[in-house]
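Hi,

Here is the model I promised to pass on. Have a look at it first, and my notes come after.

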Amino acid sequence: PLSMRLEVELDGVWTDITPDVLSSPEPRMSGMGINGNGLKDRVGDNAVLTFSLDNSIGNSAGTQGYYTPYGASVRTGFNFPKGLHIHVYFEWNYIRRYKFYGIVETWKVMAGKYKERRVDVKCQNWMKAAANHQLNLLGYQLNKRFDEGIRLILDNMARQPQNINFRNGEETFPTLFDITRTNTKALGEINKLTMSEFGRT
């Protein structure tokens, strides 16, 4: 049977948290890949994963507050969830396919005598990092291809994608980054390069 698994990296170890992921509200993924087939749909979107964790005594550890950061009974490694790495994969007949990789962006603890004890978690993939990153002193460039320009953008960022696979650009651009400002974002420049090459990213 097809099964979905969620794992989070806690203290350097990928840990299966699927048993504590609630089915209501159900986990949701959106924004994966290039969402559209128009001429201008050429750059992948910011993917979002949301799910809720059982924070009641009914969870896998039988511990109330297991996913409450800084709580007395918090799970080891979950004290500060923002930035934790997380991935989702599906498995069928021992074949595994990863569908999401990102980091925890926000969480909200739902607690109290008359409320469902759960923690709502929202995660973002690498594209959100590119959308937020302000390019730092990325100098004016001459005679660079599309792929060379994107490599320069990536070199400017602390957080890197898991993997990159470039084809050489077909065009050589006489100038790059000639109108960047202190608030220019990485994803904005990636969009410009992609549209100039009429490629896909």
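First, the ground rules. This is a predicted model, so local features need pLDDT of at least 70 and side-chain atom pairs count only at pLDDT 80 or more, while totals for chains, interfaces and linings use all residues. Residues are numbered from 1 along each chain as its sequence is written, and side-chain values use heavy atoms, leaving out hydrogens and water.

For the spaces, I used a 1 Å grid over the protein atoms alone: a cavity is a set of points where a 1.4 Å probe fits but cannot get out, a pocket is an open set with protein on both sides within 12 Å along at least five of seven lines, and lining residues have an atom within 4 Å of a point. Grid points are joined across faces, edges and corners, and a volume is the space filled by probe spheres set on the points.

The largest pocket has a volume of about 1,000 Å³. Its lining has 33 residues, with Met127, Asn163, Asn165, Arg200 and Thr201 nearest the centre. Strand S6 (95-110), H1, H2 and H3 each give at least two residues to that lining; helices (H or I, at least four residues) and strands (E, at least two) are DSSP runs numbered from the N terminus.

The second largest pocket holds about 160 Å³. Among the residues lining this pocket are Phe173, Asp178, Glu189 and Lys192. S9 and H3 are the elements that supply two or more residues of its lining, and H3 has the largest share, with four.

Ala186, Leu187, Glu189, Ile190, Leu193, Thr194 and Glu197 of H3 are buried, meaning under 20% relative accessible area with a 1.4 Å probe and protein chains only. They cover an arc of only 160° around the axis, which puts them on the same side of H3; the arc is that of the directions from the helix axis to the C-beta atoms. Helix H1 (126-132), helix H2 (146-155) and strand S9 (172-176) are among what covers these residues (contact means heavy atoms within 4.5 Å). After H3 comes Phe198, with a positive phi near 55°.

Finally, there is one cavity of 30 Å³ or more. Val8, Phe51 and Val121 are among the residues that line the largest cavity.

Best wishes

Notes: Buried means under 20% relative accessible area, exposed over 50%, partly exposed in between (1.4 Å probe, protein chains only).
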